[in-house]
Amino acid sequence: MRALVAARAREPIAPAWGDGPWPLAEPFRVGDVEIPNRVALAPLAGIGNRPFREQARRHGAGLVVSEMVAAHGIRHGNVRTRGMLEVGAGENPVSIQVFGGDPAVMAEAARVVEDAGADIVDINMGCPVPKIMKTGAGAALLADPARGAAVVRAMADAVRIPVSVKMRRGIRPDGTDPAESARRFADAGAALIAVHPRAAADEYAGTADHSISARVVAAVDVPVLISGDITDAASAREALEMTGAAGVMIGRAALGNPWTLGAIARGEADPRPLPAEVLDEHIAFCGDIAVLMGTDRACHYLRKFHSWYLAGRGIPDAEIHALLEDASYDRAMARLRALRAQVGASGWAAA
Ligand SMILES: Cc1cc2nc3c(=O)[nH]c(=O)nc-3n(C[C@H](O)[C@H](O)[C@H](O)COP(=O)(O)O)c2cc1C
């Protein structure tokens, strides 16, 4: 049975990609930076910290992008903000995403990001949160592509590492033309564009319309990564066929499932890791988070991750609910270790 599970996990999607090799396994370049494959971990606010990114790289993402970091916080030397710029030893290539609307402040942030060891500095042009947009940052830059381009230019002039843009289609579906905006950003010096083709006003409603992404791909001669509703190799293939993009970005599908990143990069069906593998991965992740933020913060922070990792993986629901109630990090870890002992070395519940 175990052999069967393993065999299924390695099953290629047939036909993988016409007669040729699976295109997402190929390296590509962003400026001078070589990216070993074409699957990137999407920027995820409140989630894409160093341990999460390291895990994604270990599991096969070719590029990892940080959670968004405030350019103003960097300028003011905010301790927590500066901590978000820390790059791990095994992470590169890594992109750090910053948000802000002022070209000079963003240029200063780009220099700090470069000094922190990032390979790419990314600009958030998609955040739909009103508090952020009100400051002229995030998706607000799409309503004013001239200022967006000025931000790109200021940053590209300030650093040697490539500057990239992560954009939505606009603030509203009928707003500025995303293909035209992308062209302006590339002309201003963006070496990579990532596009999530929903409008900011639509947040996550409906499905991502990658015919919009295709127009962005056609408009620029820098690589474009497409983001939105890509959950496995099959949906990646469909979106690539529709757009001709350089690669894909994976967000929500990677929550609790870092295994999917490598599977998509190899053109394999979504893997089904055994409960023991899932628990080992999750226990190690919890430990890294506790080191990063201390056990008090980690206890609360990790609650959403318990469900993401463990639900639907053969772990009893009652145990998952109990983890969400555990009042301390140590208690939750003791419960996870006890579960791990129960599933045994083979991954199947001990008789
Ligand atoms: C919880 C969450 C946080 C996000 N944070 C960011 C962010 O900080 N910067 C950004 O550019 N996009 C952010 N996004 C958008 C994702 O990067 C991605 O474009 C979007 O989720 C669509 O991809 P998916 O369907 O693979 O999740 C976030 C999305 C989610 C769900």
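**Exercise 1. Find the domains and describe where they meet.**

Solution. Start with the bounds: the chain divides into domain 1 (2-266) and domain 2 (275-343), with bounds that come from an automatic or database domain assignment. Residues are numbered from 1 along each chain as its sequence is written. This is a predicted model, in which local features need pLDDT of at least 70 and side-chain atom pairs count only at pLDDT 80 or more, while totals for chains, interfaces and linings use all residues.

Next, take the separation: the C-alpha centres of domain 1 and domain 2 lie 28 Å apart. The contact takes 6 residues from domain 1 and 7 residues from domain 2; two residues are in contact if their C-beta atoms, placed from the backbone, lie within 7 Å.

Finally, sort the side of domain 1 that touches domain 2: 2 nonpolar, 3 polar and 1 charged. Here Ala, Val, Leu, Ile, Met, Phe, Trp, Tyr, Cys and Pro count as nonpolar, Asp, Glu, Lys and Arg as charged, and the others, Gly among them, as polar.

**Exercise 2. Describe how α2 packs against α13.**

Solution. First locate the helices: α2 covers residues 50-58 and α13 covers residues 275-293. Helices (H or I, at least four residues) and strands (E, at least two) are DSSP runs, numbered from the N terminus.

Then read the geometry. The helices pack at an angle of about 145 degrees, with their axes 9 Å apart. Axes are lines fitted to C-alpha atoms, for helices over the stretch in contact, and angles run from 0 to 180 degrees between N-to-C directions.

Last, list the partners: Arg50, Pro51 and Gln55 in α2 meet Phe285, Asp288, Ile289 and Leu292 in α13. By class, this contact has 4 nonpolar, 1 polar and 2 charged residues.

**Exercise 3. Is Ala139 buried or exposed, and what does Ala139 touch?**

Solution. Begin with its place, the loop between α6 (130-133) and α7 (140-143). Now count: Ala139 is buried because 24 C-beta neighbours lie inside 10 Å. The cut-offs are 20 or more other C-beta atoms within 10 Å of its own for buried, 12 or fewer for exposed, and partly exposed in between, with C-beta atoms placed from the backbone.

Then look at the surroundings. Leaving out residues up to four places away in sequence, Ala139 touches Met125, Gly126, Cys127, Pro128, Met133, Arg168, Ile171 and Ala200. Pro128 is 11 residues from Ala139 in sequence, yet 5.9 Å away in space, C-alpha to C-alpha.
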